[in-house]
Amino acid sequence: MLRTPLLSLYIMLALMQPAGAEANDAPPAAFFAGDYVLVGRLQDGGDAYAGSAGIVAADDDMLTIERTVDGETVRETGRFVTPRPPGEGRVLHLSSADGALVGSCLRTVDLDNDPRLTCLRAVAGTDPAEPGYEALFPAR
């Protein structure tokens, strides 16, 4: 289970979200559409990796991501949800088409007004001592 990593992500969201901000203050899913460079580390202190990703917005709350790392492409779908308690931003929950990979991402906007996704990642069905981490940066 990913309870501990997700709890850490929710706490981070609470600290980063301005007081009184509501979930609809965040940019729509279409803002995150485009091509990305990704960097990450596998769960439990595994190897670092780099790759690319393409994001397509399906609607205001749903994205499709195609990630390519070491020549292998994985398609994932994700939905933005409001964590409990409400008012702490929106989190993107991802799962791969085969259900083998899951993730929870914080969606933010950097100082250059570019979209940013920072994710906790894990292999589905595992209980890692440390989650994997992944950050997606717009390709320029």
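Colleague: In what sense do strand E3 and strand E4 pair, and over how many bridges?

Modeller: Please bear in mind that this is a predicted model. Strand E3 (residues 62–69) and strand E4 (residues 72–81) pair in the antiparallel sense over 8 bridges. Pairing requires at least two bridges, so the label applies to these strands. Within this pairing, Thr68 stands opposite Thr73 in E4.

Colleague: What arrangement do the 8 strands form?

Modeller: They form a closed barrel with antiparallel pairing, in the order E1-E2-E3-E4-E5-E6-E7-E8. On average, neighbouring strands of this sheet are turned by 30° against each other, direction ignored.

Colleague: Why is the pair Cys105 and Cys119 called a disulfide?

Modeller: The sulfur atoms of Cys105 and Cys119 lie 2.1 Å apart. The cut-off is within 2.5 Å, therefore the pair qualifies as a disulfide. The pair links distant parts of the chain, with Cys105 in strand E6 (residues 101–109) and Cys119 in strand E7 (residues 115–123), 14 residues apart. The structure holds 1 disulfide.

Colleague: Why is the disulfide of Cys105 and Cys119 called right-handed?

Modeller: The torsion about its S-S bond is about 100°, so the disulfide is right-handed.

Colleague: Are Cys105 and Cys119 buried or exposed?

Modeller: Cys105 has a relative accessible area of 0%, and Cys119 has a relative accessible area of 3%. Buried means under 20%, so Cys105 is buried, and Cys119 is therefore buried too.

How values were computed: Residues numbered from 1 in each chain as written. Predicted model: local features only at pLDDT ≥ 70, side-chain atom pairs only at ≥ 80, totals over all residues. Heavy atoms only, no water. Helix = DSSP H or I, 4+ residues; strand = E, 2+ residues; numbered from the N terminus. Buried < 20%, exposed > 50% of the residue type's maximum accessible area, 1.4 Å probe, protein only. Axes fitted to C-alpha atoms, helices over the stretch in contact; angles between N-to-C directions.
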